[in-house]
Amino acid sequence: MASFIQLLISGLATGAIYALIAVGFTLVWQTSQTINFAQGEFVMLPAFFVLAAMDLGAPFWLAALIGIAISIVVLGVLFKFVVVDPMLRHGVLPLVISTIALSLLLKESAKDFYSAQAQPFPPLVPAIDVHVLGAAVSTQNLAVLAVAIVAVGALHLLLSKTRLGRSMQATAQNATLARILGIPVRRMVLYTFLINALLVAIASILISPIYLAKFSNGETLGMAAFIAAIIGGFNQVRGAILGGIILGVLDNMSAAYVSSQYRGAFPLIILIAVILLRPQGLLGRVEERTV
Amino acid sequence: MSRPAALVLVVAAGLAVVAPFWLKPFGVYQLSMWAVLTIAAIGLNLTLGYAGQVSLAQGAFVGIGAYTVALLTLAGCPFALAFVAAGTLCFVIGWVLGYPALRVQHHYLAFVTLAFTTLVFLVLRNEEWLTGGTYGINGILRPSFFGFSTAKPVSFYFFCLSVLTVLSLATWWMLRSPWGRAFLALRENPIRAASLGLDTRRYTLMAFAIGSSLGGLSGALYAPLVQFIEPGSFALGLSFNVLLMVIVGGSGYFLGPFVGALVAVLLPEWMRVAQGYYLIIYAALVMVLMALCPSGILGLVERAANALSGTRKATPALDPKGVEP
């Protein structure tokens, strides 16, 4: 029982990080039909911005803020205007290829310009175990959970309670109609890119103390984000949150109770099952096809 | 096909035959690698460029083919039989993997095939009793035919080149047949194709299975070429690589895979000066190419040729060449 609680909490913590990544992924997909194959690398990179800022002598909190700011500029603004916008007129496939190439570019850049070795990354809180119901739970996991819940909660409030958020939702659901209603659609699309950049930067700072900052981290993280988004439903922010949490818990449980060698396989099998049995995802809506 | 294009093709074919005689062994090895990867890319071009199904599983099929041939030949089975077995096995697995393609399209399919590739990698790595795990399989022999051994680099290259020739002629023939046209109809408008009475189910599965089986045959040559295989070679990286070959060359052009594979094999050599930065440059070039001309290098060539001859024919992206009536 004690080990179960331990696994559950660390699973929830990983799941919350996956959820952050998946929510950004879905938001960008909804408003601009961009399937960002580089999303994993987007999570890998901000940690290196933070480390670079710390190398220049900034304290951790300042370096984290600088890292987030650079991420918003590079992974939000530049990504949209330099990579996505020129490609949109060509349709979905060339953009997919372009983001695959971008993931390669970011990965190799982090390796060549920073380091090929895994870098230790300062934790948010000192790692102490606290005892809950007989289980030793790391404060790191609790901190990750808390930050992720606050971030997702704030995003949810923004999207559902404010005028800005509703405009963004309208843009996601039907851009033409939103434009007719006087919503500045282009600006709303830009905002979703900025939010995505912010979310991946937060995820990066949360996950790097656990996994260390390494150029190849993006592969598994990106995969987790896709799977979470698809399990939950590609066109639903709530779905992405649910998918991320299911994935995180399942990942930890299966590694402990079934097979650690095939740890990577369970999410993939669930992915295939969901796509075959319920392609719109657990919470998703069916998208109509037109001739 | 226009006269200059035919001339270029003849010169290129001539070069492919003559080149190994003045290349060093490593150059011949790379040329063989080009022939092997071209076969995989032709398969993916069939699935993606003609039938319009995005697959990120081609690398996994190359792996399945390579392991099949390695295990069978080391167990004493003749190469020809192992070669056919690799193609058949991948055909069957491709057929089964095609089922998700019936239910979902585009990006979902990309993810299913991506998941499949990772699953294959995990099986190759974890099932040590069969695949040797991370140690891989060593000492794969190159085949002999009628007392003629292909152990030397040059003779193995010609073996690869002849297999490539036979397979590309077969693909060419198939694309001109009613099947080829059905594949195109699938890509252009699946719902319309279905309403015109085309059995889209069967043709989608067929496109997937044939493309995958070409991937398997490519792997069947890969194993004896490299003579050492391990799971890492067939992870997601290879699938991405083959996909980039098809796109960079020009997806939906018959000759696209030949050009794309050539770029992918030669570029690291040409960019020796750039050293470790070559992948960064390659990725940046792909992104620029996608922004300027998503129909790849052959699309660019065609555009240039049209501009030169003054004919301003509107060519849509991914316009297939060579299968027009």
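I started with α4(A) and asked how many of its residues are buried. The count came out at 17 of 22, so I put this helix down as mostly covered, with the model being a predicted one. Next I checked the length of α4(A), residues 92-113. At 1.5 Å a residue its 22 residues should span 32 Å, and the end C-alpha atoms sit 31 Å apart, which agrees.

What follows α9(A)? I found A:Gly233 there, with a positive phi near 120°.

Then I looked at a helix pair in chain A. Helix α1 (residues 2-32) and helix α10 (residues 237-257) of chain A pack at about 145°, and I get 6 Å between their axes. I noted the crossing of α1(A) past α10(A) as right-handed. For the residues of this contact, I have 17 nonpolar, nine polar and one charged.

Chain A as a whole came next. I count eleven helices and two strands in chain A. How much of chain A is buried? My entry reads 51% of its 291 residues. For contacts in chain A with a separation of 6 or more, 74% are between residues 24 or more positions apart. The C-alpha trace of chain A spans about 55 × 50 × 35 Å along its principal axes. I also checked the radius of gyration: a compact globule of 291 residues would be near 19 Å, and chain A has 19 Å, so the two agree.

I find 14 helices and four strands in chain B. Buried residues come to 47% of the 325 in chain B. Of the contacts in chain B between residues at least 6 apart in sequence, 76% join residues at least 24 apart. The box around the C-alpha atoms of chain B is roughly 55 × 50 × 40 Å along the principal axes. For 325 residues a compact globule would have a radius of gyration near 20 Å; I have 19 Å for chain B, which agrees.

One residue in chain B got its own entry. Where is B:Ser295 found? I located B:Ser295 in the loop between α13 and α14 (296-309) of chain B.

Last, the contact between the chains. I have 32 residues from chain B and 33 residues from chain A taking part. On the side of chain B that touches chain A, the elements giving two or more residues are α4 (79-103), α5 (106-126), α9 (190-195), α11 (236-249) and α13 (278-292) of chain B. Which of them gives the most? I noted α5(B), with eleven residues. This side of chain B divides into 24 nonpolar, six polar and two charged residues.

Technical notes: Residues are numbered from 1 along each chain as its sequence is written. Chains are lettered from A and ligands numbered from 1 in the order in which they are written. This is a predicted model: local features need pLDDT of at least 70, side-chain atom pairs count only at pLDDT 80 or more; totals for chains, interfaces and linings use all residues. Two residues are in contact if their C-beta atoms, placed from the backbone, lie within 7 Å. Ala, Val, Leu, Ile, Met, Phe, Trp, Tyr, Cys and Pro count as nonpolar, Asp, Glu, Lys and Arg as charged, and the others, Gly among them, as polar. The radius of gyration is taken over C-alpha atoms; the globule rule is 2.2 Å times the number of residues to the power 0.38. A residue is buried if 20 or more other C-beta atoms lie within 10 Å of its own, exposed if 12 or fewer, and partly exposed in between; C-beta atoms are placed from the backbone. Axes are lines fitted to C-alpha atoms, for helices over the stretch in contact, and angles run from 0 to 180 degrees between N-to-C directions. A crossing is left-handed if the near helix is turned anticlockwise from the far one by less than a right angle, and right-handed if clockwise. The expected span of a helix is 1.5 Å times one less than its number of residues.
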